[in-house]
Number of protein chains: 2
Amino acid sequence: MENTVRNKQVILRDYIEGFPKESDLKVVTASNTTELKVKPGSMAVLVKNLYLSCDPYMGIRMREPNPSTLALIDAFVPGKPIAGFGVSKVIDSDDPVFEKGDYVWGLVDWEEYSTIHPIGIFKIDININVPLSYYTGILGMIGLTAYGGFFEICSPKKGETVFISAASGAVGQLVGQFAKLMGCYVVGSAGSKQKVDILLNKFGFDDAFNYKEEPDLDAALKRCLPQGIDIYFENVGGKMLDAVLMNMKDNGRIAVCGMISQYHLKANERIQNLPFVIVKKIKMQGFVCFDFLNSFPKFLEFVLPCIKERKLIYVEDIVEGLENGPAALVGLFHGQNVGKQVLKVARE
Amino acid sequence: MENTVRNKQVILRDYIEGFPKESDLKVVTASNTTELKVKPGSMAVLVKNLYLSCDPYMGIRMREPNPSTLALIDAFVPGKPIAGFGVSKVIDSDDPVFEKGDYVWGLVDWEEYSTIHPIGIFKIDININVPLSYYTGILGMIGLTAYGGFFEICSPKKGETVFISAASGAVGQLVGQFAKLMGCYVVGSAGSKQKVDILLNKFGFDDAFNYKEEPDLDAALKRCLPQGIDIYFENVGGKMLDAVLMNMKDNGRIAVCGMISQYHLKANERIQNLPFVIVKKIKMQGFVCFDFLNSFPKFLEFVLPCIKERKLIYVEDIVEGLENGPAALVGLFHGQNVGKQVLKVARE
């Protein structure tokens with residue numbers, strides 16, 4: 001390997017309004033070279049990024065911070081690289097915890113090489129024989145989101161009915177399979193015939209529909225779930241939520257994981273069926289994966305055997321090359337991904 | 001007392017559309033006389049109704065049942081008396097559990113005399129020296145609603161901020177005082193200067209505002225609760241809920257007790273700030289008092305000493321005479337009551 005590189009990065013041009021577009025991001029190559037070494041005494045770690053995770057919440061981070069709008073974590077900074085969860089290989093380290101050749105996962109900037117002070121960076125045990133890219137998803141925050149959101153927020157019971165929107169996405173596919181493992185009746189919605197086929201034939205959902213071909217979402221839900229919905233795992237918001245509220249059973253639970261349909265509208269769609277929350281005694285709860293960090297070891301104990309025994313199937317949509325990162329990220333907001341969207345930056 | 005009476009009743013004329021009006025109800029006196037005796041062997045109890053409770057959910061029961069609209073319990077039947085919680089005196093009884101002279105509370109029809117088969121009817125211990133009317137409210141389902149909704153749904157902690165809408169109403173006044181007893185900072189909204197005065201000077205709220213005089217509810221909340229809201233006790237729905245969602249703190253809790261502003265609109269007002277449920281990790285939960293029936297003894301153990309030691313103040317708005325029942329009930333939907341609306345049917 002060369003000792004110096006011209007680092008390539010994906011930069012946010014400026015704060016966005018409306019939906020993220022490819023042109024809001026720019027792939028740049030540094031004019032200066034960077035030495036592939038960390039300074040002695042710096043306690044830093046130099047990593048080569050291998051996989052980057054594309055997630056809907058990143059779109060929110062592309063907007064100007066404003067106390068009256070939504071903000072989960074800090075906004076990205078215009079002119080600087082965007083960031084997210086990634087899997088990386090340690091090239092050089094001045095931190096005694098990490099050594100050259102280690103694989104790690106955690107928050108990194110979208111670039112080929114990053115010099116990091118490893119807070120919130122976890123070492124990967126390569127004896128666990130799974131694709132490294134899984135640490136951007138099923139074995140990382142995505143998996144924990146699905147696990148905590150479903151088991152801790154929804155308290156599922158065998159035989160209950162579960163409905164999942166954006167069901168073929170990163171989180172949805174896992175929740176659906178967790179629910180099947182629990183003995184629930186599981187229905188999902190997705191935005192194409194191909195995705196519906198995957199739900200039915202790959203993930204083992206009991207029923208599924210393409211929301212784009214349903215003129216009446218209420219009717220679609222009543223067709224697939226005539227007895228009503230015990231648990232709704234909410235990923236989209238808007239019209240789907242309004243239709244679901246009418247179809248919830250008494251004491252139903254709604255885990256609000258995301259509302260991707262709402263993040264980039266000028267004004268949020270307005271929901272009219274909230275009074276059902278009273279009459280159906282519905283619990284509706286928002287959460288983020290960090291709420292469940294204490295459950296991470298328990299989650300791994302549950303999920304690793306499921307992967308090994310092929311009780312869980314995990315579909316990734318892997319795009320190669322940092323220069324294709326903007327298209328991969330933006331594609332999420334148009335439902336172009338099938339499964340977890342991952343950007344492969346470099347060969348292992 | 002005479003041995004026969006011509007019973008007077010409040011009848012629902014027909015299913016309503018829109019807001020309940022006085023003319024939707026009719027006070028009628030039976031043309032036949034009723035003997036003030038129960039048939040031997042009937043196991044029935046004849047009661048004279050003393051106090052009847054006027055509650056917002058009764059408006060929902062005046063509408064035609066329809067699976068796609070809101071329905072907590074069965075609709076009233078046109079041509080028959082409406083019903084609700086009441087306090088009554090036993091006149092005659094063929095049920096060994098009750099005897100002449102007992103006082104009871106529970107669900108009764110709106111009429112002077114009722115022959116009932118006492119399921120869900122509770123004997124009143126007259127050694128507990130409180131006004132009998134309290135069993136229509138603070139010592140009945142209203143008290144249990146406030147207690148369960150606040151303590152069990154909201155898990156309050158000392159020092160947290162609590163906001164209550166319709167705060168001078170039957171449930172709101174109790175929740176506010178419970179929250180003060182917990183050491184919370186308590187703010188309420190109500191619909192008149194008089195009600196705001198009561199909140200501040202009688203119930204000991206820390207702050208309060210008249211929502212009818214606030215052109216911008218968001219600004220009113222930010223003025224009274226600049227640090228945000230930990231707990232919202234929801235009684236009204238609509239615009240107030242939308243403003244509150246923007247002002248919730250992380251991990252906030254919303255107990256959805258009622259949405260009186262929404263029950264009689266042609267279409268519910270639409271809420272646009274639900275995505276805050278995710279980013280603020282809000283729990284929002286609907287409930288009805290029956291969810292907490294197991295907690296009733298614990299509730300009485302808590303509330304009775306509070307009443308005796310005057311740590312709790314309870315304001316009732318008592319209207320006298322069955323013929324004034326329609327106006328009292330309908331007045332609820334226009335905020336005309338100050339405190340718990342009670343109809344006094346007869347002297348004890």
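In the predicted model, a salt bridge links B:K281 to A:D291, with a separation of 3.1 Å between the closest N and O atoms. Two salt bridges are found across the interface of chain A and chain B. Polar contacts are also present there, with nine residue pairs identified, both members of each pair being at pLDDT 80 or more.

On the chain A side, several secondary-structure elements take part: the helices α6 (239-247) and α7 (276-279) and the strand β15 (283-286) each contribute at least two residues to the side that touches chain B. By residue class, this side of chain A comprises 20 nonpolar, nine polar and six charged residues.

The strand β15 of chain A also takes part in pairing between the chains. β15(A) pairs with strand β15 of chain B, residues 283-286, in the antiparallel sense, and three bridges connect the two strands. Within this arrangement, A:K283 has B:Q285 in β15(B) as its bridge partner.

Considered as a whole, the interface brings 35 residues of chain A into contact with 35 residues of chain B. The area buried between chain A and chain B amounts to about 3000 Å², and carbon and sulfur atoms account for 67% of this area. Of the area that chain A buries against chain B, 22% is supplied by A:R270, A:Q272 and A:I278, a share greater than that of any other three residues.

Notes. Residues numbered from 1 in each chain as written. Chains lettered and ligands numbered in written order. Predicted model: local features only at pLDDT ≥ 70, side-chain atom pairs only at ≥ 80, totals over all residues. Heavy atoms only, no water. Contact = heavy atoms within 4.5 Å. Buried area = accessible area lost by both parts, 1.4 Å probe. Salt bridge = Lys/Arg side-chain N within 4 Å of Asp/Glu carboxyl O. Polar contact = N/O pair within 3.5 Å; in protein donor to acceptor, adjacent residues only side chain to side chain. Helix = DSSP H or I, 4+ residues; strand = E, 2+ residues; numbered from the N terminus. Nonpolar A, V, L, I, M, F, W, Y, C, P; charged D, E, K, R; others polar. Pairing = 2+ DSSP bridges.
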